[in-house]
Amino acid sequence: MSGRKPRSVANPLESAITTPSERILKECHTLYVDSENGLVKIASSLGVRLLPPRKKIIVMIMGNHSAGKSSFINWYAEEHIQKTGVAIETQGFTFITSGRKRESLTGNATLHLYPHFRPLLEFKGVIDYLSAEISTSKQKKFSLVTFVDTPGLVDGDMIYPFDVNSAITWFGEQADLVFVFFDPMGQALCKRTLNIVEKLSEKCGDKLHFYLSKADVAGKETDRQRVMMQIVQELCRRPGLNKCGFEMPTIYIPNPQKQSRCVNQIDGVCQTIEKTINQAVQKTLDQLEKDCDIICSTISNRLAQDRADVSYNKSALLHSFLCGALGVFLPVLFILSFIVNTFSKEELDELLGEGLARTLSVFTWIVMYLWDCIPEDGQVVVVIIFGAFCYLLLFLAKYFSRQGNKTLTKKEKRSLAEYNDYIQDVVKTKKGTLYEWYLEQCAAEYDF
């Protein structure tokens, strides 16, 4: 039995949902993953793949080593989760999120927790440097945020155990926000950092936010301005980063024991996160409606296809019956004609009755008339051709009998109808209620 003591946490677990946004995201997630009527399960039964929405936004923080990435995460969560220091403390990717108890997860467990990031398996070596730290902190908006702490970036001969540039770029494309921390202590112009930032700017520039971290240790105001000018000049040299409206607020971790005259805009970072959370709520609700429409459309198409298949099967069955009937009737009539021709009219009337005998006589007369029209030396050929034709009819009957498409059973039709009613009556109604509840937070009553 291990003698390790449990790690302390910033605050005890709060089981209750504390914010409307958190509850909305949780409700939406539940609509997807419900074990009985979840949208993921319904879509899977229809051959459609849906991923449940994230209950939290993803914020990736990148920058050169010792830029203050881990320190910011610890400050935001108000708990010492990540190691900090001048050396390269973060060598891989670490998810930091809020949960039920303090726990550390390795690569495979992390991917089970975040199925959206399974494509990371395509990056050789990343899985061994992937981890997650779960904290019970509920400070600020931490319960709705998952931070991704990235490896500290350096130039020179530093060798990473995986393709760090491609991995960070991919992470940035998946994240909702990408914070780029430049520190003023000589590493802000790291070319590796700028190369990755330039790639991200091309693909998802609206997610990028730049900050001058550790601004309180940059010296005097003139020193900070000089550092910021150097960074801006370096960014402007790169076509992908030379954009109007560039901002780089100064931030640092507040220390009551060490006052600084530098303007600290770290609260603006929190506001950016909160704004993105609100946008995530809207996107989740919109995506919920789109997924409902996809499922309803798939059900409608499936039922329409089933009706077409039923109609096609009836047509194929009719063709099969006609060909089979002719394939049997014609050779029987041909043989029967010769047999009936050996009887006199009186014998047929006595044996079959006058009505049936007259009908049979008409058919046999036609066959015998056609037979008499054929020269004797060609009758064998005609019999062979006639036999081949009858065989062809039987073959076509068998062919058409196999052409039927699989149709839905009554149980399957009933299930599809129930799924459609559930989505229309329950899920979409719930979505409308959640949207109204969300809007009530920011709009006046008379706006509804």
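Predicted model: local features only at pLDDT ≥ 70, side-chain atom pairs only at ≥ 80, totals over all residues.

Student: Sheet first. What's the strand order?

Tutor: The order is β3-β4-β2-β5-β1-β6-β7. The sheet is open, has 7 strands and shows mixed pairing.

Student: Which strands stand at the edges?

Tutor: β3 (103–105) and β7 (208–212). Each has a single partner strand, so one side of each is left without a neighbour in the sheet.

Student: And what does the twist average from one strand to the next?

Tutor: It averages 20 degrees.

Student: How many bridges join β2 to β4?

Tutor: There are 6, between residues 93–98 of β2 and residues 130–135 of β4. These two strands run parallel. Thr-97 has Ile-134 as its bridge partner in β4. For Phe-95, the partner in β4 is Ala-132.

Student: Do β3 and β4 run parallel or antiparallel?

Tutor: Antiparallel, with 3 bridges joining them. Glu-103 stands opposite Ile-134 in β4. Ile-134 is also the bridge partner of Thr-97.

Student: How many residues of β4 are buried?

Tutor: 5 of the 6, so β4 is largely enclosed by the rest of the structure.

Student: New topic. How many aromatic pairs does the structure hold?

Tutor: It holds 17. In one of them, the rings of Phe-142 and Phe-147 have their centres 6.3 Å apart. Their planes are at 20 degrees, so the pair is stacked.

Student: Is Phe-142 buried or exposed? And what about Phe-147?

Tutor: Phe-142 is buried, with a relative accessible area of 0%. Phe-147 counts as buried as well, at 0% relative accessibility.

Student: Which residues form the aromatic cluster?

Tutor: Phe-72, Trp-75, Tyr-76, Phe-142, Phe-147, Phe-179, Phe-181 and Tyr-211 form one cluster.

Student: Where does the charged end of Lys-140 sit?

Tutor: Over the ring of Trp-75, 4.3 Å from its centre. Lys-140 also lies over the face of Tyr-76, at 5.6 Å from the ring centre.

Student: Helices next. At what angle do α8 and α10 pack?

Tutor: About 95 degrees, with their axes 9 Å apart. Helix α10 covers residues 354–373. That angle makes α8 roughly perpendicular to α10.

Student: Which residues make the contact?

Tutor: On α8, they include Leu-333, Phe-334 and Phe-338. On α10, Leu-360, Phe-363 and Trp-371 are among them.

Student: Last one. Where is the place of Val-164?

Tutor: In helix α5 (residues 164–174). Val-164 counts as buried, at 3% relative accessibility.

Student: Leaving aside neighbours within four places in sequence, what is Val-164 in contact with?

Tutor: Pro-151, Leu-153 and Arg-192. Val-164 and Pro-151 are 13 residues apart in sequence. In space they are 7.9 Å apart, C-alpha to C-alpha.

Methods: Residues numbered from 1 in each chain as written. Heavy atoms only, no water. Pairing = 2+ DSSP bridges. Helix = DSSP H or I, 4+ residues; strand = E, 2+ residues; numbered from the N terminus. Axes fitted to C-alpha atoms, helices over the stretch in contact; angles between N-to-C directions. Buried < 20%, exposed > 50% of the residue type's maximum accessible area, 1.4 Å probe, protein only. Phe/Tyr/Trp six-rings, centres within 6.5 Å; stacked < 30°, edge-to-face > 60°. Lys NZ or Arg CZ within 6 Å of the ring centre and 35° of its normal. Parallel < 35°, antiparallel > 145°, perpendicular 65-115°, else oblique. Contact = heavy atoms within 4.5 Å.
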